[in-house]
Amino acid sequence: MAPQLYLITPENPQLEQFPRQLMGVLSGPEIAALLVRRGALDDAGYAALAERAIQIGQAAGAAVLLEDDGELARRLGADGVHVTSGGTKAIRDAIALLKPDGIVGVGNIRSRHDAMSFGELDVDYVMFGPLGGTTDPAAAELATWWAETFEVPAIHSDPQIQTASLDLTGAEFIALSDCIWSASDPASALSAFDKAARTVA
Amino acid sequence: MRDARLLPALAFAGMALPALAQGNVADQISDSVFGPRAPTDYAYGAYQRGYFLTALELALPRAEQGDAAAQTLIAEIYARGLGVAQNAERAAGWYQLASNNGDRLATFELGMLYQDGVGVPRNRQRAAELFTASAEAGYIPAKYNLALLHVEGVYADPNLTRAAELMKEAADAELPEALYDYGAMLLEGAGLAPDIEQGADYIRRAAEAGLADAQVDYATLLYLGQGVERDIEAAASWYGVAAGQGNVVAQNRYAKLLAVGEGVTLDLEEAAMWRALARRQGLTDPDLDRLLVSIPAEALERAEERARFWPSTPPSIETVATVPTVVGPVLPSPTDADNAPTQVVDPNPATEDAPKTETTGGSAETQDP
C-alpha cells in the first residue's frame, strides 16, 4: 500500500514569508498531516505560527498537529499533538486531554523498548527518525520492524530522504521535512515525493 | 596479559564485572586447565533462577544493541508473563527482532503467534514462511509444523514425501507428536513405503513419551497383533494408562476389557466407573452396556460415585483408605502412665475384612463409628 505523506514545517521558518510558502506547498498534492515544529520559538511566537498554520493546513484538508503542547492544540483548534518529550506521563496526559477526537502521536523514540511502551498507550502513530537535520541511521530499520509487527501505524522520518528511496520501510506514513524546504521549489519537490509514493507497491 | 584475554569476553557479554577482570589464582588455574571460558549470560542465569525482572533488566541493554539471545529472552518473558504482565504484542516485537538476527527459536515462536493470531493479526502464510525459515535453520518443532503444512497443502506445496522426510527428522529427535505422526505415516504408507513394524515401533515410542492418542493406537496394535506381537495384557495396560489420562476411547475400551476380564482381571465395578467417565464425555456404547447388565446395584452405585470424584477418591472411601497403617517399631511408652491410652489403638482394625464385606454386598455406605 502506498504510504501517505506527513509534512513537518522547518525548524526556523521566516515568519513573514512562511505562511504563504506553506499555502503554496499545500495547494499541491494531498497531505495527511502537518506537524508545526516549535524550533526556537517562545510560547507567544509558537502560538502565532501555529494559529496561521492550523488555518492553512486545515483548509488544505490536512490534520494539523502541534509539538508537545496539548493545551495549546486544544485552545487553537488543532487536530492533535506530537509528543516528543516527557515520556509515558506526557503521552498519557495528551491522550487524556485530546482523545478520542484529537490525534496523539509519539516521536523521539530512543529504543525498541520505548517504542513498544509508547505504542501500547492508545497512540495514533509512532514516528521513527528526527524531525529535521541529519538522517538517523537506525530509524529505517526500526520503522520496518514496527510496520511489519505492530498495528499502530509507523511514520518514518528521514529529513534527507530521496524520492528514489521512499519505498524501503513499509511504514504507513512518510515524514518529509528538510528535503522539501531546502529544495529550490518546495511545491514541486513535494509533488515529486507524492508521485514517488504512489508508485510504491 | 590475562586481563587482555578476559576483557573482550566481558565486553561481549555486555557488562563489566571489575571483580572478575582483576582475576585471582582460582580463575587462572581454571583458565589454564579448561581454556578460556565462554562469556557468561547473566540475564539467562537470572531467568533460569526465576529472577525474571533482573533478567529483563540485564537483557534490555543487550537487546537494544541487537543481541538475538537477549531479544529472545525478553520475548519469552513477555510471552509467558513471567514477572511482568503477559503481553503478546511485545513478545511478537522482540521475537521479530531476534528472528531478524537469525534466532531460530524466535522465528518459530513468531510463526506460532502468526499461526494462532496472538499479538499479531492471524496470517498463516506468514506463519508458514517463518516455520520454513526456522526448519531450515534446524529447529525441530519447526520441522514438525512444516511437515504438517506440507500434509495440509495450502500454505506449503502439497508434498507427502517432503512431509514424511521432515516428520522423520522431528521424530528421530524424539518429539512425541512427531513420533506419533511419523508412526501413523509409516502404517498408512503416506509419503513413503508402508512399514508396519517400524510404524508400530514409532507409535510405541510416542506412547512411552506420554501421548494419550499414541497410547490408544499402540494398545490397539498390540491387541490386533499388527506390527508387534499380539499381547492382550500389554494392550489392556496401555488402554488403562490412556484412560487415566482422560482419553475417552481408551476409557470405553478399557471398560470393555475389564468387563470381560480380557488381558486384565475381571472387575465390573472398575469397568462401570470407566464407562461412567466415558459417558460424561459423550460416548455411550450399547455393547459395553450389554457387558455390564449383570453388575450388582451396589457395585454400580459405588462405580458411579467413584466416577463423580475421579481422579480423586470419593470422601466416603477415602476416610477408610487413607488411615495410615502403622508397622514397625512400637511407639515409645508414655512417661506419664495416666496419660497413656487405656488400650492399644489399632488404626485400621478391619483392613482384612472390610473390602470383602464391601464387594460381597451388604452395607458399605453405613459404617459403624
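Q: In E3(A), which residue is the bridge partner of Val36(A)?
A: This is a predicted model, in which local features need pLDDT of at least 70, side-chain atom pairs count only at pLDDT 80 or more, and totals for chains, interfaces and linings use all residues. Residues are numbered from 1 along each chain as its sequence is written, while chains are lettered from A and ligands numbered from 1 in the order in which they are written. Helices (H or I, at least four residues) and strands (E, at least two) are DSSP runs, numbered from the N terminus. In strand E3(A), Val36(A) has as its bridge partner Leu66(A).

Q: Over how many bridges do E2(A) and E3(A) pair?
A: Two strands pair if DSSP finds at least two bridges between them. Strand E2(A), residues 33-36, runs parallel to E3(A), and the number of bridges is four.

Q: How many of the five residues of E3(A) are buried?
A: A residue is buried if 20 or more other C-beta atoms, placed from the backbone, lie within 10 Å of its own. Strand E3(A), residues 63-67, is largely enclosed by the rest of the structure, because its buried residues number four.

Q: Which residue in E4(A) stands opposite Glu67(A)?
A: Strand E4(A), residues 80-83, pairs with E3(A) in the parallel sense over three bridges. Opposite Glu67(A) stands His82(A).

Q: Through which helix does the chain cross from E3(A) to E4(A)?
A: This β-α-β crossover is right-handed: with the strands pointing away from the viewer, the path from the first strand over the helix to the second runs clockwise. The helix in question spans residues 70-76 and is H3 of chain A.

Methods:
Buried ≥ 20, exposed ≤ 12 C-beta atoms within 10 Å, placed from the backbone.
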